[in-house]
Amino acid sequence: MRGRVVEHRGPWDMIIVGGGATGVGIAIDAASRGYDVLLLEQSDFGKGTSSRSTKLAHGGVRYLEKGDIALVMEALKERGLLLQNAPHLVRDLAFVVPNYEWWEAPFYGLGLKLYQVLAGRYGFGKSHLLSREETLERLPTLKIEGLRGGAIYFDGQFDDARLLIHMVFTAFEQGATLLNYAPVTGITKDSQGFVDGILARDAESSEVFRANARVVINATGAFSDLLRELAEPEVKPLIAPSQGIHLVFSSEFLPGDSAIMVPHTSDGRVLFAIPWHNHVLVGTTDTPIAKASLEPVAIEQEIDFILSTASQYLAKPPTRADVLSVFAGIRPLVRAEGAVSTAALSRDHVIHIDGSGLITICGGKWTTYRHMAEDCVDQAATLAQLPERPCSTHHLRIHGYPESTKRADSLAVYGSDGARIQELMAKDPSLGEKLHPMLPYLKAEAIWAAREEMARTIEDVLGRRTRALFLNAKAALEMAPAIAELIGPELEWDDAAKQKQLADFRALAANYILK
Ligand SMILES: Cc1cc2nc3c(=O)[nH]c(=O)nc-3n(C[C@H](O)[C@H](O)[C@H](O)COP(=O)(O)OP(=O)(O)OC[C@H]3O[C@@H](n4cnc5c(N)ncnc54)[C@H](O)[C@@H]3O)c2cc1C
């Protein structure tokens, strides 16, 4: 595969830098229009923000309040398309806004009705008010004192890293070439100063290679300005990075299948408590940060804020000792002059073209990746003077789309690939064993990840091909030696490589465990 990149004859139509939702979405769109596409990711696919989201395919209830109707409608439509094209990975979920004040029921009831109406034919379910008893039926662990009732609405939920890896394979199926562990280290220009390619490094062999393109697209999220600086050192920054964290608890804090949505926390954001893979995900914060990093770490104030806000709503207040995993992600928000807080910055996407011809796409959200990609490829094709071809992703099925009925077991997220994982277990029944008593993952999934899904490290398997690290970091640590034994032979690791992998994973997992 890497050889193919170096050998490619003539320039690529498009080179995309960044293997998160934005970049991979663009690779799918461009390749499905018939353009010749190369995507390079410096680490693993989804290592950035795209595996660290709240995992909601949503219109963004809170943007309604700001009157951003067009943004909400667009996202609601994309939410519907996502469910249509990846039914194995997206499901509808009930959200309850608990009401403790007299004015909350009419206020939120009306707003959520509007949210439902705006979705039109892409609707997920009807919003309505709940009595106090109905609210407690759905949320039995809610604080009872002062509870008046609730308002219910429906949105989408997905597994972000799993969707991303299936998008990577959708892009391959459409003819794109995608590499992980290939950081772009330079941007090359022609004699007139226009961007005409990239320099990149194979992170495993350290081999440096050059690739030319008619247009280069910067989809590096929170790192966008760093890549722009490689082309023009003096560029004005576009990104205002803001960190959000999530805490993960056992499902006893929120049994059942409904989520809690708190529309107004003291930092002006929404707080969600969501059932996810048999655990509860609580987040998120919005803290402006000076510099983006690939492995952001939760700040103590953020942890305290989530614990104290959750305690206002849950009958049994969660404590630090209850936290099974903590993870942070960085929103690549677009700078706006005069904005008072990052929560006030627009979540819409921006496509920016520098004087050198480098295209940068940033902002937006996971839910709208398809629309962002369509917009970006339209502009990139025009800039590169490529033949005009219409977008064809509205109804393009994502890899794993189940041809018959959806699976209901722990392999459901693999969609149609689930049958192939079962074949591995049929050949070697020991691969059907669980890797940890507290998590559903099977040995066969580790083999599958290394053999078929481009996993290169223990972290890739435990963080993104399965979600063990994000669900229960201590359990993930305990699983690491078994993962090394399983995937070591697949990836031709010698003993030293295995030991280094284990040490790297131990150091990384420490960031996900609260002391
Ligand atoms: C806390 C939080 C919660 C969120 N929740 C939701 C939600 O529930 N629903 C929703 O729709 N959206 C949500 N979002 C927004 C959504 O997650 C992001 O908009 C989206 O993931 C951004 O994707 P991206 O591809 O632009 O960036 P990223 O996923 O960060 O991808 C950029 C990639 O570029 C790579 N890269 C950087 N530099 C280089 C280089 N030099 N060479 C090669 N590769 C490079 C990085 O390694 C990275 O993988 C949330 C965001 C945050 C922070």
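Predicted model: local features only at pLDDT ≥ 70, side-chain atom pairs only at ≥ 80, totals over all residues.
A residue counts as buried when its relative accessible area is under 20%, and as exposed when that area is over 50%, with partly exposed in between. A search of the whole structure finds 32 of them.

Begin by selecting Asp-160 and Arg-467. These two residues form a salt bridge in which the closest N and O atoms are 2.7 Å apart. Asp-160 belongs to helix 7 (residues 160–173), whereas Arg-467 sits in the loop between helix 13 and helix 14 (468–471); the pair thus links distant parts of the chain, 307 residues apart. Asp-160 has a relative accessible area of 0% and is therefore buried. Arg-467 is buried as well, because its relative accessible area is 1%.

Next, select Lys-47 and Glu-459. Their salt bridge brings the closest N and O atoms to 2.8 Å. Lys-47 lies in the loop between strand 2 (37–40) and strand 3 (56–57) and Glu-459 in helix 13 (residues 458–465), so this pair ties together parts 412 residues apart in sequence. Both Lys-47 and Glu-459 are buried.

Finally, select Arg-420 and Glu-452, which form a salt bridge with the closest N and O atoms 3.7 Å apart. Arg-420 is in helix 11 (residues 418–427) and Glu-452 in helix 12 (residues 443–452), so the pair ties together parts 32 residues apart in sequence. Arg-420 is partly exposed, at 39% relative accessibility. Glu-452 is also partly exposed, with a relative accessible area of 31%.

Notes. Residues numbered from 1 in each chain as written. Heavy atoms only, no water. Salt bridge = Lys/Arg side-chain N within 4 Å of Asp/Glu carboxyl O. Helix = DSSP H or I, 4+ residues; strand = E, 2+ residues; numbered from the N terminus. Buried < 20%, exposed > 50% of the residue type's maximum accessible area, 1.4 Å probe, protein only.
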